[in-house]
Amino acid sequence: MDSRLISLRMRASLCGHHLCGAERIVAEGEVVAATTTMVTRAMQGAGALPDEVHCSLERLDPASIRLVSLPDVATFEVSDWQSGRRLAKQLLTRAGVSLEAASFALDLLAAGPGPDGTVMRGAVIMNARTGERLETDAGRGVRVSRMDLEASVRPAIESMLAAAGLGHHRVAEALVLAAKVLSAPGIVAEVCWSDDPAYTTGYVADPQYGYQRIAALKESGDLRGGRVFFVDPETTLDTLGDYLEFRPVLCNALGRISPPTFWSE
Ligand code: AMP
């Protein structure tokens, strides 16, 4: 592994409202090109022109970098988003989340998990047994940061995802985020759907079954979305938050990608 790796982070906002962000871990020689790509995304791919774009660069201590595998990927086609949410509930309970917590989380994302039904910038942390919300700031939540694909596996992963019809950068980035989340102490499962009104696919991830895409988890046009990380009730939140935000993680191994299957109830 390159011993001079840099964490690059970008976030773009408009009138204080988060528009988009990106995370990379790159070799020194890649910093300029990767930063240009990030800023281009901020200026052209956020749906609105940001009035603030922040990029940060930070040299990483090679000894602090953890290597993890990407999870396996499965895709479930569903007849509509209501059916998708029933499937999500089933996958979450199979992973060890109580029915009460799973139902509460899905209702929360449907209503907008931030204050007054807004979208959060990060994720909800939820007790997997009781459904209690544990994050200290309900507007920001916990942001997963400092993760990427390891450079040597990037081409193989990108071509595998593209061959499976999953070539959009959104999929690779969500997969890397889920890989880091699943490697964190105390994580039972994750559920996510986007706040992008045009993107209705979401996922449930858990350590055993991996990253399980669900083709529809919300109605097209809906501006609400978010992420919930379900944790074991014994989890030390400071340790978890510290790992998710600060520990650099590189994904260096492929998971298996299964062809889509139709889920019927
Ligand atoms: P996205 O899939 O990028 O549309 O994000 C969906 C939701 O996930 C956002 O509304 C945030 O609440 C949350 N989210 C996005 N990025 C992160 C992150 N890096 N860490 C934690 N939560 C995130």
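These legends accompany close-up views of a predicted model. Local features need pLDDT of at least 70 and side-chain atom pairs count only at pLDDT 80 or more, whereas totals for chains, interfaces and linings use all residues. Residues are numbered from 1 along each chain as its sequence is written, and side-chain values use heavy atoms, with hydrogens and water left out.

**View 1. The largest nonpolar core has 36 residues.** A nonpolar core is a set of buried Ala, Val, Leu, Ile, Met, Phe, Trp, Tyr and Cys residues joined through side-chain atoms within 4.5 Å, where buried means under 20% relative accessible area, exposed over 50% and partly exposed in between (1.4 Å probe, protein chains only). Leu70, Ile187, Tyr203, Phe229 and Leu244 touch the most other members. Among the elements that each supply at least two residues are strand S8 (187–193), helix H5 (169–182) and helix H6 (237–246), and H5 gives the most, with ten residues; helices (H or I, at least four residues) and strands (E, at least two) are DSSP runs numbered from the N terminus.

**View 2. Leu244 and its contacts.** Beyond its neighbours within four places in sequence, Leu244 is in contact (heavy atoms within 4.5 Å) with residues including Val142, Val144, Val181, Ala184 and Phe229.

**View 3. Leu106 lies in helix H3 (residues 99–111).** Leu106 counts as buried because its relative accessibility is 3%. Residues up to four places away in sequence aside, Leu106 touches Arg85, Ala88, Lys89, Val191 and Trp193, and its C-alpha atom is separated by 9.2 Å from that of Cys192, 86 residues apart along the chain.
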